[in-house]
Amino acid sequence: MIPLSTLADIRVLAETEELECKLAAGRDGSGQLPADLWPTYSAFANTRGGIILLGLRETPRGFELAGLANPEKLRSDLFNTLNNPQKVSANLLDAERVRILTIEGRRLLAIDVPPAGRKHRPVHINGNPLTGTYRRLDEGDRLCDGDTVRRMLAEQVEDSRDNRTLRGFGISDLSPESVLAYRQVMRDRTPNHPFLDVDDAEFLRRIGALRRDRETGAEGLTVAGLLGATV
């Protein structure tokens, strides 16, 4: 989340590929989620994520803090809409990602949209991925063409196949050297990663290489696990 605590922080803001600012005043000034928030949510989710700030007014000199009269209502409206599949295909947010900030006695809403995983892409709006899927380019939300949407859908299917549990394959089918090498790669990238403190079986569960089939209750390798660390 972008650190915002003073008016000076607001004045230096500029919309980018990962930042969007909106007034969200509504027709009567009491506050309302803007209609163009949803293409931005889709675009951020389908690209690299980003921050949406509600309660800022754009001027020729930059952004000014207008504030929101009732950010709690906007926050509630946001989650209600996110959980309406006819409006938004996937809710990627939780309480920690939607915060009310107070600066100089005025409040704004900061929404931290993460990038969607393949199983959720394309994140789209209004019930139709072919007409409601966006990506972020520079400071704008761009409607995706059909080929881009179909490619995301194909990747979604591929991802679900990778997570299938394979009957007859277990941890004994993996090369211990390959598992050790994979752990070393993670250790080199993130020395303090919590996954490194568990045994091999739990490590494989946490990275999605080993999972329990909900129908049979049997634990086995996933396609991704078998391809990544077989003998």
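Analyst: Ala66 has a relative accessible area of 24% and therefore counts as partly exposed, where buried means under 20%, exposed means over 50% and partly exposed lies in between, with a 1.4 Å probe and protein chains only. The model is a predicted one, in which local features need pLDDT of at least 70 and side-chain atom pairs count only at pLDDT 80 or more, while totals for chains, interfaces and linings use all residues. Residues are numbered from 1 along each chain as its sequence is written, and side-chain values use heavy atoms, with hydrogens and water left out.

Ala66 belongs to the loop between strand S4 (62–65) and helix H3; helices (H or I, at least four residues) and strands (E, at least two) are DSSP runs numbered from the N terminus. Apart from neighbours within four places in sequence, Ala66 is in contact (heavy atoms within 4.5 Å) with Leu23, Gly55, Leu56, Arg57 and Arg106. Ala66 and Leu108 are 42 residues apart in sequence, yet their C-alpha atoms are 8.3 Å apart in space. Across the protein, 62% of the contacts between residues at least 6 apart in sequence join residues at least 24 apart.

Four strands make up an open sheet of mixed pairing in the order S1-S2-S6-S5, two strands being paired if DSSP finds at least two bridges between them. Strand S1 (19–22) and strand S5 (98–103) are its edge strands, each pairing on one side only, and the twist from one strand to the next averages 20 degrees. S1 and S2 run parallel and are joined by four bridges, with Leu19 standing opposite Ile51 in S2. Helix H2 packs on this sheet, where it touches S1, S2 and S6, and its direction makes about 160 degrees with that of S2; the axes are lines fitted to C-alpha atoms, for helices over the stretch in contact, and angles run from 0 to 180 degrees between N-to-C directions.

Next comes the nonpolar interior. In soluble globular proteins, nonpolar side chains tend to be buried together. A nonpolar core is a set of buried Ala, Val, Leu, Ile, Met, Phe, Trp, Tyr and Cys residues joined through side-chain atoms within 4.5 Å. The largest one has 27 residues, of which Trp38, Tyr41, Leu54, Leu78, Leu93 and Ile111 touch the most other members. At least two residues of this core come from each of helix H2 (37–46), strand S2 (50–54), helix H3 (71–82) and strand S6 (106–113), and H2 gives the largest share, six residues. A second, separate core of 14 residues includes Leu56, Leu101, Ile103 and Leu108.

Trp38 and Tyr41 both lie in H2, three residues apart, about one turn of the helix. Trp38 is buried with a relative accessible area of 5%, and Tyr41 is buried with 1%. The structure holds one aromatic pair: the ring centres of Trp38 and Tyr41 are 6.2 Å apart and their planes lie at 70 degrees, so this pair is edge-to-face. By the rule used, rings of Phe, Tyr and Trp (its six-membered ring) pair if their centres lie within 6.5 Å, and planes under 30 degrees apart count as stacked, over 60 as edge-to-face and the rest as tilted.
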